[in-house]
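Me: I would like to work through this model with you, a few positions at a time. Please state the cut-offs as we go.

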Amino acid sequence: RRQRQMCIRDSLYIDIKGSEHNLDFKAFRYAYIGYQNMKLKNKLNEKRLLSIIDFTKDSDKKRFYTIDLEAKKILYYTYVAHGKKTGMSSSTYFSNENESHKSSLGFYVTGRTYNGDAGFSLKLYGDERNYNSNAYKRGIVIHTADYMNEDFFQKNGRYGRSLGCPVLPTDIYKQVIETIKEGTMVFAYYTLSLIHISEPTR
């Protein structure tokens, strides 16, 4: 069974053109295993979607992916900001603590949308104790900001940074939020993170 799961995963990576989108296979592997585990625990909705934030890449690179496992394609491939104290362009420091202004790693489940201080936003629920379990209390949500547009990038040579939220570009954030809201998985990946993830067992 494990061999079959591995074959399906490897085939999916090829079908979605993972390498053409610079999607790290290890990030995809962890995300897909986590997705299966969370589905078995009934934590996700019926949409076969998973999103990945690859924090091994600098913020001037596209590193946010939303993958439709049923259609076998990458729906969104775009930029995403990290927390101010996670690093400048590269991501180095992560935290689950309040007021840390750092990004958190691990698996999230998306919640409802709302209009708050940052405008149209998407609530996130961290599913990893010690990694991101304080996300909801910290107010870690997906939204946009003026520092995630082309003008800011041209002036500064990089996008801006958040207070810990994954912030998407102004021209695409609404589409992404509407697609992944209310019960899909988001996985924030970093090198050697969450190596305890195991294949799901039935």
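Reply: To begin with a term: a residue is buried under 20% relative accessible area, exposed over 50% and partly exposed in between, using a 1.4 Å probe and protein chains only. The model is predicted, so local features need pLDDT of at least 70 and side-chain atom pairs count only at pLDDT 80 or more, while totals for chains, interfaces and linings use all residues. Residues are numbered from 1 along each chain as its sequence is written, and side-chain values use heavy atoms, with hydrogens and water left out.

Me: Is Glu 99 buried or exposed?

Reply: Glu 99 is exposed, because its relative accessibility is 67%. Glu 99 sits in the loop between E3 and E4; helices (H or I, at least four residues) and strands (E, at least two) are DSSP runs numbered from the N terminus.

Me: What is its phi?

Reply: The phi of Glu 99 is near 60°, a positive value in a residue other than glycine. Most residues other than glycine have a negative phi. Asn 130 also has a positive phi, near 75°. Asn 130 belongs to the loop between strand E5 (119-126) and helix H3 (135-138), and counts as exposed because its relative accessible area is 60%.

Me: Then Gly 87. Where does it lie?

Reply: Gly 87 is in the loop between strand E3 (73-78) and strand E4 (106-116). Gly 87 counts as buried because its relative accessible area is 15%. Leaving aside neighbours within four places in sequence, Gly 87 is in contact (heavy atoms within 4.5 Å) with His 82 and Arg 161.

Me: Which backbone nitrogens does the Asp 68 side chain reach?

Reply: They include that of Glu 70, at 2.9 Å from a polar atom of the Asp 68 side chain, and that of Ala 71, also at 2.9 Å. A polar contact is a pair of N or O atoms within 3.5 Å; within protein, one must be able to donate a hydrogen and the other to accept it, and residues adjacent in sequence count only if both atoms are side-chain atoms. Asp 68 itself is in strand E2 (residues 64-68).

Me: What about Thr 184?

Reply: Thr 184 lies in the loop between helix H5 (173-180) and strand E8 (185-189). Thr 184 is buried, because its relative accessibility is 1%. Its side chain reaches the backbone oxygen of Ile 180 at 2.6 Å.

Me: Which residues touch the most other members of the largest nonpolar core?

Reply: They are Phe 64, Ile 142, Val 167, Leu 168, Val 176 and Ile 180, in a core of 30 residues. H5 gives the largest share of this core, four residues. A nonpolar core is a set of buried Ala, Val, Leu, Ile, Met, Phe, Trp, Tyr and Cys residues joined through side-chain atoms within 4.5 Å.

Me: What does Ile 180 touch?

Reply: Not counting residues up to four places away in sequence, Ile 180 touches Ser 51, Phe 64, Thr 66, Thr 110, Leu 122, Ile 142 and Val 186. A second, separate core of 23 residues includes Leu 23, Ala 27, Leu 44 and Leu 50.
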